[in-house]
Amino acid sequence: MDTGGNSLASGPDGVKRKVCYFYDPEVGNYYYGQGHPMKPHRIRMTHALLAHYGLLQHMQVLKPFPARDRDLCRFHADDYVSFLRSITPETQQDQIRQLKRFNVGEDCPVFDGLYSFCQTYAGGSVGGSVKLNHGLCDIAINWAGGLHHAKKCEASGFCYVNDIVLAILELLKQHERVLYVDIDIHHGDGVEEAFYATDRVMTVSFHKFGDYFPGTGHIQDIGYGSGKYYSLNVPLDDGIDDESYHLLFKPIMGKVMEIFRPGAVVLQCGADSLSGDRLGCFNLSIKGHAECVKFMRSFNVPLLLLGGGGYTIRNVARCWCYETGVALGIEVEDKMPEHEYYEYFGPDYTLHVAPSNMENKNSRQMLEVIRNDLLQNLSKLQHAPSVPFQERPPDTETPEVDEDQEDGDKRWDADSDMDVDDDRKPIPSRVKREAVESEAKDKDGGLKGVMERMKGFEVGGMEESGSNTKVTGVNSVGMEEAGVKMEEEGTNKSGAADQVFPKT
């Protein structure tokens, strides 16, 4: 059992890490629909950059095994998973009530291959956790994952299945403590909610706060019960740049690593916090964003890197390509090699783009108040908690396909002894190829009058009442601990939930 905080065998920060990279060549074919800002095609564009920069040869490239129903039900409700599996564009009109119940239809549309998409991106994240748990790599990457808004019983914010929660649950089988860090512009609400009442998972989210989706992530939302002070929220305003961001990120995350001493770290690298994002309003450069990856990598703790938001897809691909190089310890050239998506990156055809001259509404004084308040909260955690284990759940079976050895078009191994759910099929051929669409700046974020809700809060001591409003939001996962379904082979799992977080 790893007690947390141990250094990896790979050595100091300058030494290259062993990296596992999960990619399914079909993932770019999934299509949310015309005009929808979420485009899985960006994952294929990222992969093409990695291939032409020569980075794939430095990693173990794996095709994730699709997550099974019972894997998804470790966090999600049975009826919700069943609904995702059965719903299709042709049948959705007959299930209006269910669509409303599970929040599927607008931001989270029904599209061809929806359930296979969920299985694919969740399989990559859980597979990465399994590799880390077995010490088979130092860093695992799944750019298709990071869908942090999904809840136990509903879709939210373009996210259907919360692969991050599932990956953390897998890491908790081996590690007493897991740290989750979220640098997406949107608050990581689904992950925070799932672990809001446990001290085994610390969640830290740096996000735009105010009149902005999902509307959660107040600095006073700090956790509940055993999890009090184990949720950190860093509320930010429009236009934050690299320098301002790291005035918060580095001292806060340095103190978190010192006090919490996690056995593994999950870093959600949502690229909608980059300058010029279609839905975002931050002003980070790709290097500034990647500095978060570099900083977390420097602690030499098993690291799972996931994707997330990002809606100016050429910049998403740039960012995740560069951050893959950071993970590998390889500096990637700015001049972009020619490849099949080269035209997306004109007229400069470079990896890096200059941030804009937009106003930074985050004053130095405000940043210092936020930093000091969060460091004060961290000081109340005197030492890393020690959580007793009873019986360790079995590892999730993930027989990934090594892309270096297998046919990239072969999705399932007929000789595998894995239990494969009935009715699973490859993506239907009618799935649309992603078309190049306008990336005109959307104004849906409600950017006016932001931070009004933040201006009146007390930044001194955290009162107990400050978390009361949050408690009502975690009912779906259980107020005391996150309810996680532990299924036994051949048994009916309906209503059976075991608690994996014993009280300390």
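# Notebook: a look around a predicted model

I started with E170, which counts as buried because its relative accessibility is 1%. The model I am reading is a predicted one, so I keep that in mind. I then looked for the partner of E170 and found K173: their side chains meet in a salt bridge, 3.0 Å from N to O. K173 counts as buried too, at 3% relative accessibility.

**Entry 2, a bridge between distant parts.** Next I looked up D237 and K208, whose side chains form a salt bridge at 3.5 Å, N to O. Where do D237 and K208 lie in the chain? I found D237 in the loop between strand 6 (231-236) and helix 8 (242-260), and K208 in strand 5 (residues 201-208). The two are 29 residues apart, and the pair links distant parts of the chain. Both D237 and K208 are buried.

I turned to the UniProt record, an unreviewed entry, which lists D107, G157 and Y311 under "binding site". These positions are spread over 205 residues of sequence, yet they cluster in space, with a largest C-alpha distance of 13.7 Å. I looked up D107 and found it in the loop between helix 4 (96-101) and helix 5 (114-133). D107 counts as partly exposed, with 43% relative accessibility. Leaving aside neighbours within four places in sequence, D107 is in contact with H36 and F158. Y311 sits in the loop between strand 8 (303-306) and helix 10 (313-328). With a relative accessible area of 4%, Y311 is buried.

I picked Y115, which lies in helix 5. Y115 counts as buried because its relative accessibility is 8%, and the cut-off for buried is under 20%. What does Y115 touch, if I leave aside its neighbours within four places in sequence? I found contacts with D69, L72, V81, L84 and R85. I also checked Y115 against P66: they are 49 residues apart in sequence and 10.0 Å apart in space, C-alpha to C-alpha.

Last, I looked at helix 8 and helix 11 (residues 364-379), whose axes come within 10 Å and cross at roughly 5°. Angles under 35 degrees count as roughly parallel, so helix 8 and helix 11 are roughly parallel to each other. On helix 8, the residues making the contact include L247, L248, P251 and I252. On helix 11, they include L367, I370, L374 and L375. Which classes of residue make up the contact of helix 8 with helix 11? I noted 11 nonpolar, two polar and four charged residues.

Technical notes
Residues are numbered from 1 along each chain as its sequence is written. This is a predicted model: local features need pLDDT of at least 70, side-chain atom pairs count only at pLDDT 80 or more; totals for chains, interfaces and linings use all residues. Side-chain values use heavy atoms; hydrogens and water are left out. UniProt positions are given in the numbering used here, feature names are shortened, and annotations may be inferred rather than shown by experiment. Helices (H or I, at least four residues) and strands (E, at least two) are DSSP runs, numbered from the N terminus. Buried means under 20% relative accessible area, exposed over 50%, partly exposed in between (1.4 Å probe, protein chains only). Contact means heavy atoms within 4.5 Å. A salt bridge is a side-chain nitrogen of Lys or Arg within 4 Å of a carboxyl oxygen of Asp or Glu. Axes are lines fitted to C-alpha atoms, for helices over the stretch in contact, and angles run from 0 to 180 degrees between N-to-C directions. Angles under 35 degrees count as roughly parallel, over 145 as roughly antiparallel, 65 to 115 as roughly perpendicular and the rest as oblique. Ala, Val, Leu, Ile, Met, Phe, Trp, Tyr, Cys and Pro count as nonpolar, Asp, Glu, Lys and Arg as charged, and the others, Gly among them, as polar.
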